[in-house]
Amino acid sequence: MANNAGALKRIKTNERNRVRNAAWRSKVRTLTRKTKEAIEAGDADLAKECARQTTSAIDRATRRGIYHKNWAARNKSRLSKNVIALILESRGETKKEEPVEA
């Protein structure tokens, strides 16, 4: 057990931050799940709106220091790639592969 005022304060602060961070992580996971479900259902409009909300939540959580910026960038990229593929598929188009220059 902590035996000085500074250590007791850190315990309280850490607990408060842990609860706050858990809430943000839960929110991001829920929004991500809803987006994936919309993609699997093939609903392009719903997937687009859910992706917008998810991206916003990931950005806000990253600004608050809950996620690392590379984690956020990677997950937003994967999410948008899937949504774009769904939108193109619903239009009857396919994504054009660009040649990779070495």
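## Helix packing and an aromatic pair

The structure, a predicted model, holds 1 aromatic pair. The rings of Y67 and W71 have centres 4.0 Å apart and planes at 10 degrees, so the pair counts as stacked. W71, with a relative accessibility of 27%, counts as partly exposed.

W71 also leads us on to the helices, as one of the residues of α3 that touch α1. Helix α1 covers residues 5-41 and helix α3 covers residues 69-91, while helix α2 spans residues 44-63. Two packed helices are described by the angle between their axes and the distance between the axes. Here is how α1 packs against each partner:

| Helix pair | Angle between axes | Axis distance |
|---|---|---|
| α1 and α3 | about 20 degrees | 10 Å |
| α1 and α2 | roughly 160 degrees | within 9 Å |

Let us take α3 to begin with. The axes of α1 and α3 pack at an angle of about 20 degrees, which means that α1 is roughly parallel to α3, as the angle is under 35 degrees. The crossing of α1 past α3 is left-handed. On the α1 side, the contact is made by V28, T35, A38 and I39, and on the α3 side by W71, L79, N82, V83 and L86. Sorted by class, this contact has 7 nonpolar and 2 polar residues, with no charged ones.

Now for α2. The axes of α1 and α2 cross at roughly 160 degrees, so α1 runs roughly antiparallel to α2, the angle being over 145 degrees. Here, too, α1 passes its partner in a left-handed crossing. From α1, the residues in contact are W24, K27, V28, L31, T32, K34, T35, A38 and I39. They meet L46, A47, C50, A51, Q53, T54, A57, I58, R60 and A61 of α2. By class, this contact divides into 12 nonpolar, 4 polar and 3 charged residues.

Which residues does T35 touch, leaving aside its neighbours within four places in sequence? T35, found in helix α1, is in contact with A47, C50, A51, T54, L79 and V83. Of these, A47, C50, A51 and T54 are among the α2 residues in the contact with α1, whereas L79 and V83 belong to the α3 side of the other contact. T35 has 0% relative accessibility and therefore counts as buried.

Terms used. Residues are numbered from 1 along each chain as its sequence is written. This is a predicted model: local features need pLDDT of at least 70, side-chain atom pairs count only at pLDDT 80 or more; totals for chains, interfaces and linings use all residues. Side-chain values use heavy atoms; hydrogens and water are left out. Axes are lines fitted to C-alpha atoms, for helices over the stretch in contact, and angles run from 0 to 180 degrees between N-to-C directions. Helices (H or I, at least four residues) and strands (E, at least two) are DSSP runs, numbered from the N terminus. Angles under 35 degrees count as roughly parallel, over 145 as roughly antiparallel, 65 to 115 as roughly perpendicular and the rest as oblique. A crossing is left-handed if the near helix is turned anticlockwise from the far one by less than a right angle, and right-handed if clockwise. Contact means heavy atoms within 4.5 Å. Ala, Val, Leu, Ile, Met, Phe, Trp, Tyr, Cys and Pro count as nonpolar, Asp, Glu, Lys and Arg as charged, and the others, Gly among them, as polar. Rings of Phe, Tyr and Trp (its six-membered ring) pair if their centres lie within 6.5 Å; planes under 30 degrees apart count as stacked, over 60 as edge-to-face and the rest as tilted. Buried means under 20% relative accessible area, exposed over 50%, partly exposed in between (1.4 Å probe, protein chains only).
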